[in-house]
Amino acid sequence: MRITDIRATPVSVPLEAPLRHANGCHWGRFVRTIVEVETDEGLVGLGEMGGGGEIATAAFEAMKPYLLGHDPARIEEMRFLVANPTASLYNNRTQIVAALEFACLDLLGQKWGVPVSEILGGRLRDQVPFASYLFYRYPFPNDGAFEVRTIDQLVAEAHRLKKQHGFTSHKLKGGVFPQKYELECYRALADALPDDTLRFDPNGVWSVEQAIWFGQQIADLPNDYLEDPTFGLHGMRRVREKVQMPLATNTVVVNFEQLSANILNTAADVVLLDTTFWGGIRPCVKAAGVCETFQLGVAVHSSGELGIQLATMLHLGAVLPNLSFAADAHYHHLVDDVIQGGKFTYKDGAIAVPTGPGLGVTLNQDKLCEYHELYKRLGSYPYDQDPLRPGWTPLIPNDRWADPADERVPNVPI
Ligand SMILES: [Mg+2]
């Protein structure tokens, strides 16, 4: 089998509401790039990458001279061909090679008639459990629904998600409001969900001292872990000395160099593996193997996904013996998807691992078209800006918090 074409299509898929985070906001939609890799045997492999637009499309277009005529079975060679570690000092293509790896695995699974999980060593579980992923959210200007800002709104949203999807673990994305307010919110969740576990993620924006303070305030709660309370391996080590719960990261252990540093002098107890950040599903499986050897915990990270990327997360979660915690997904915030059959569904807080050949998902070309048109109409958005605070620059550590009493509604385009 040979690669004959590579197509990259940016899409915008609406969210229920704008998602607020420590560095800015998802302005009411996800912009993603859908990658289709065609072959001389008529099979088409699917990949997905975060962000999009002319730059992303051009980046995949630039891969054609490398990959037209390449055998998609030679995935490891492709890594060195387009993302050689030393050449990557000039052209960081980790996320591009990840999307292409998804597509190549999808092609091989289709050709061999097996799901990607079988290529990766075989399923150990048929469902992957997920945590609810709670964000502070702005309402849309048209209806004001789905706002999450007050404690009552947050608790109501957690109950709604639990009832609808069956989650028994809940993650709160913080780093938006002053620490004391977010502590109140987190403790209110614990009170409201006494049988469930919790995790908190301020995206590394606290100082070491603030991180230690928060960790000590929540030590009595059923925490899965505290995720990236501060930024940097050494800062995390200092927090870990004084906080009595596992620390997790998806920011400072995202490659094998950092993983080795974390093994030699532990900063994070749990490594959250992201199929995009690590350059594919296979690097995540390798990293999980290292973690298994050194008995570090592992979970599946979400960097925002449509159904293609979610499928990569499911196949990854299916094959890891040491999947110690429920996975994260932004997925339930989406109102639609670009795959045939519509969105994946949760049952009892878990999603079934696809069993069809390859990734087990097929593009809905009508949806691809519809959301490509939406992308063309709305364009990209600044992920690292807050629509209600123009010019705001989040520091690390940050002290420029949003005000939880601010009831204004941003005028984001719909
Ligand atoms: Mg995180």
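## Helices α8 and α9

In this predicted model, helix α8 (residues 208-217) and helix α9 (residues 233-242) have axes that come within 9 Å of each other and cross at roughly 30 degrees. Because angles under 35 degrees count as roughly parallel, α8 and α9 are therefore described as roughly parallel to each other. The crossing of these two helices, α8 and α9, is right-handed.

On the α8 side the residues that meet the partner helix are Val 208, Ala 211, Ile 212 and Gly 215, and on the α9 side they are Gly 235, Arg 238, Val 239 and Lys 242. Sorted by class, the contact of α8 with α9 consists of 4 nonpolar, 2 polar and 2 charged residues.

## Helices α6 and α7

Helix α6 (residues 151-165) packs with helix α7 (residues 179-192) at an angle of about 40 degrees, and their axes lie 10 Å apart. That angle makes α6 oblique to α7, and the crossing of α6 and α7 is right-handed.

From α6 the contact draws on Ile 151, Leu 154, Val 155, Ala 158 and His 159, while from α7 it draws on Glu 184, Cys 185, Ala 188, Leu 189 and Ala 192. By class, the contact of α6 with α7 divides into 8 nonpolar, 1 polar and 1 charged residues.

## Helices α11 and α12

The packing of helix α11 (residues 281-293) with helix α12 (residues 307-319) has an angle of about 25 degrees, with the two axes 10 Å apart. That makes α11 roughly parallel to α12, and the crossing of α11 and α12 is right-handed.

Ile 281, Cys 284 and Val 285 form the α11 side of this contact, and Thr 312, His 315, Leu 316 and Val 319 form the α12 side. In terms of residue class, the contact of α11 with α12 has 5 nonpolar and 2 polar residues, and no charged residues.

The domain assignment of the protein gives domain 1 as residues 3-117 + 365-377 and domain 2 as residues 118-352. Taken over C-alpha atoms, the centres of domain 1 and domain 2 are separated by 23 Å. The contact between domain 1 and domain 2 takes 39 residues from domain 1 and 40 residues from domain 2.

On the side of domain 1 that touches domain 2, the elements that give two or more residues are the strands β1 (3-14), β2 (19-21), β4 (29-39) and β5 (44-50), together with the helices α3 (75-83), α4 (94-112), α5 (116-119) and α13 (365-378). Of these elements, α4 gives the most to the side of domain 1 that touches domain 2, with 9 residues. The residues on this side of domain 1 divide by class into 24 nonpolar, 9 polar and 6 charged.

## Overall architecture

As a whole, the protein has 13 helices and 15 strands. Its radius of gyration is 21 Å, close to the 22 Å that the globule rule gives for 414 residues, so the protein is as compact as a globular protein of that length. Taken along the principal axes, the C-alpha atoms of the protein fill a box of roughly 60 × 50 × 40 Å.

Methods:
Residues are numbered from 1 along each chain as its sequence is written. This is a predicted model: local features need pLDDT of at least 70, side-chain atom pairs count only at pLDDT 80 or more; totals for chains, interfaces and linings use all residues. Axes are lines fitted to C-alpha atoms, for helices over the stretch in contact, and angles run from 0 to 180 degrees between N-to-C directions. Helices (H or I, at least four residues) and strands (E, at least two) are DSSP runs, numbered from the N terminus. Angles under 35 degrees count as roughly parallel, over 145 as roughly antiparallel, 65 to 115 as roughly perpendicular and the rest as oblique. A crossing is left-handed if the near helix is turned anticlockwise from the far one by less than a right angle, and right-handed if clockwise. Two residues are in contact if their C-beta atoms, placed from the backbone, lie within 7 Å. Ala, Val, Leu, Ile, Met, Phe, Trp, Tyr, Cys and Pro count as nonpolar, Asp, Glu, Lys and Arg as charged, and the others, Gly among them, as polar. Domain bounds come from an automatic or database domain assignment. The radius of gyration is taken over C-alpha atoms; the globule rule is 2.2 Å times the number of residues to the power 0.38.
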